[in-house]
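Subject: Structure for you to look at

Hi,

Here is the structure I promised to pass on, with my notes below it. Have a look at it first, then read on.

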Amino acid sequence: MSPTPPIGAGEPPGMEPSIPGMNMTDVGPDRQDPFPNRSFADVVTSVSEAPTGRFMAGIGASGFQGLNGSLTITEKNFDIFNVPRNLDDITSGKAFRGAGQDFQVSLMAGTLINRFTVSLRDPYLFDLPIGGGASGYLFQRVYPDWTESRGGGRFSLGRQFGTSTYADVAFRIEDVNFNGYRTPAPAEYLAATGHTTLATLRPTLRYDNRNSPFLPNKGQYLELSFEQGWGSFTYPKAEIEGRTYFTTGSRPDGSGPRILSFRGHFGVTGRDTPVYERFFAGYLGSLRGFQYRGVGPHVLGSNIGGTMMAIGSVEYMFPLIASDALRQVVFTDFGTVENGYSFTNVRASVGTGLRLTLPQFGPLPISIDLAFPVAKAPGDKVNYFNFSIGAVY
């Protein structure tokens, strides 16, 4: 894609060309502006090069991800075809740079999650307004009822429409090793035991006009997706997720917004969906007041996941101190996860929490919630205290 010229480098389409020597500094009390109705001006700009690579180290802790540490290397101006021709290309940093591709290598190691990922994304594939991405990964996760390991790859093509809408289609293929569950085990666990092959094709449409991805106070987010799975299991899966934010008031200078937010997530999947791809709920971002993946149909004391999920939340956030670094939330979460397609066991909880934003802990706030279930189903596992802490350096 050709680089965008700086503002003022040319006149808007349809306008007469500039008169040589005539610009905004030429117009004064004794001079007449040849374009009195123009809404533009010549601007002189200068740019300088800046580092495009970044190294990050982070630590985190949460009630559903355990303790973990991460290392990430990112290059925002990568060029996969610019191979080094000599030693100087390597020592000077010229090799593999120049095409504007995003390249990332990340490693996470922890008590519950271990992950290694290599990814490459070209935002303008073949100089077209189409983004293409590819990634390979190894992943191991200890869940409350089982342990799984995955190794595979993901490939995607997407396009931006306007400033708020993005559509893409992604293909992934994985080898999944399902193990570590208690016996006697449900039939759904036995069907997925050992190594199975999973391949899916997932088109997605997203709309996002929020003013911030981390602590928005206005705007909406909507995502619609459909996924078709093949391999050891064949199944369809559809989801719709939405969030909306309103500022109900603020200080006279505009700081300290009081934010009312609504969130909803609905999904259905086929009955032949493997247990590791079914729906689960519980904990932060889901149904607070319940354990992580503690909500769902239980068989022999183990959660087998649902073929339908519908959860929602209403939350009100307001600042507690003048710097807005500390906020309080009050909320109610509600919904269900069913092994079927009817609503039979609706859960609900109410609670309050704190959001602490510290620069050294990255853009995501430290989240601490205290929630109490007011409606639950047999087999659900409760957890009144929810927390999530992370730091990036």
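A word on terms before the notes: a pocket here is an open set of grid points where a 1.4 Å probe fits, with protein on both sides within 12 Å along at least five of seven lines. Rolling a probe the size of a water molecule over the atoms shows where empty space is left. Please keep in mind that this is a predicted model.

**The second largest pocket**

The volume of the second largest pocket comes to about 410 Å³. Its lining is made up of 20 residues, and those nearest the centre are Gln101, Asp122, Tyr124, Leu125 and Phe126. Strand 4 (113-122), strand 5 (131-142) and strand 6 (147-161) are the elements that each give two or more residues to this lining. Sorted by class, the lining holds 11 nonpolar, 5 polar and 4 charged residues.

You will find Pro184 in the loop between strand 7 (165-179) and helix 2 (187-192).

**Salt bridges**

Side chains of opposite charge can pair when their charged atoms come close. How many salt bridges does a search of the whole structure find? The search gives 23.

- Asp324 and Arg251 pair through their side chains, with 3.0 Å from N to O. Asp324 is in the loop between strand 15 (308-319) and strand 16 (326-338), while Arg251 is in the loop between strand 10 (235-249) and strand 11 (258-269), so the bridge ties together parts that are 73 residues apart in sequence. Asp324 counts as buried, at 12% relative accessibility, whereas Arg251 is partly exposed, at 26%.
- Asp333 and Arg263 form a salt bridge in which the closest N and O atoms are 3.8 Å apart. This pair links distant parts of the chain, with Asp333 in strand 16 and Arg263 in strand 11, 70 residues apart. Both Asp333 and Arg263 are buried.
- Asp380 and Arg347 also form a salt bridge, and their closest N and O atoms are 2.7 Å apart. Asp380 belongs to the loop between strand 18 and strand 19 (382-383) and Arg347 to strand 17, so the pair ties together parts 33 residues apart in sequence. Both Asp380 and Arg347 are buried.

There is also a network of salt bridges that links Glu148, Arg150, Arg172, Glu174, Glu227 and Glu277.

Which residues make the nonpolar surface patch of about 850 Å²? They are Leu320, Ile321, Val350, Leu354, Ile368, Leu370, Phe372, Val374, Tyr384 and Phe385. Two elements give two or more residues to the patch, namely strand 17 (347-356) and strand 18 (366-375). The largest share, 4 residues, comes from strand 18. Leu320 lies in the loop between strand 15 and strand 16. With a relative accessible area of 41%, Leu320 is partly exposed.

**One last contact**

Gly301 and Gly379 are 78 residues apart in sequence, yet their C-alpha atoms are 7.0 Å apart in space. Gly301 is in the loop between strand 13 (298-299) and strand 14 (302-303), and it is partly exposed, with a relative accessible area of 40%.

Happy to go through any of this with you.

Best wishes

Notes. Residues numbered from 1 in each chain as written. Predicted model: local features only at pLDDT ≥ 70, side-chain atom pairs only at ≥ 80, totals over all residues. Heavy atoms only, no water. Patch = residues over 30% accessible without salt bridge, like charges linked within 9 Å, V, L, I, M, F, W, Y side chains within 5 Å. Areas by Shrake-Rupley, 256 points an atom, 1.4 Å probe, with all protein chains shown as cover. Salt bridge = Lys/Arg side-chain N within 4 Å of Asp/Glu carboxyl O. Buried < 20%, exposed > 50% of the residue type's maximum accessible area, 1.4 Å probe, protein only. 1 Å grid on protein atoms, 1.4 Å probe; cavity = no way out; pocket = protein on both sides within 12 Å on 5 of 7 lines; lining within 4 Å. Points joined across faces, edges and corners; volume = space filled by probe spheres on them. Nonpolar A, V, L, I, M, F, W, Y, C, P; charged D, E, K, R; others polar.
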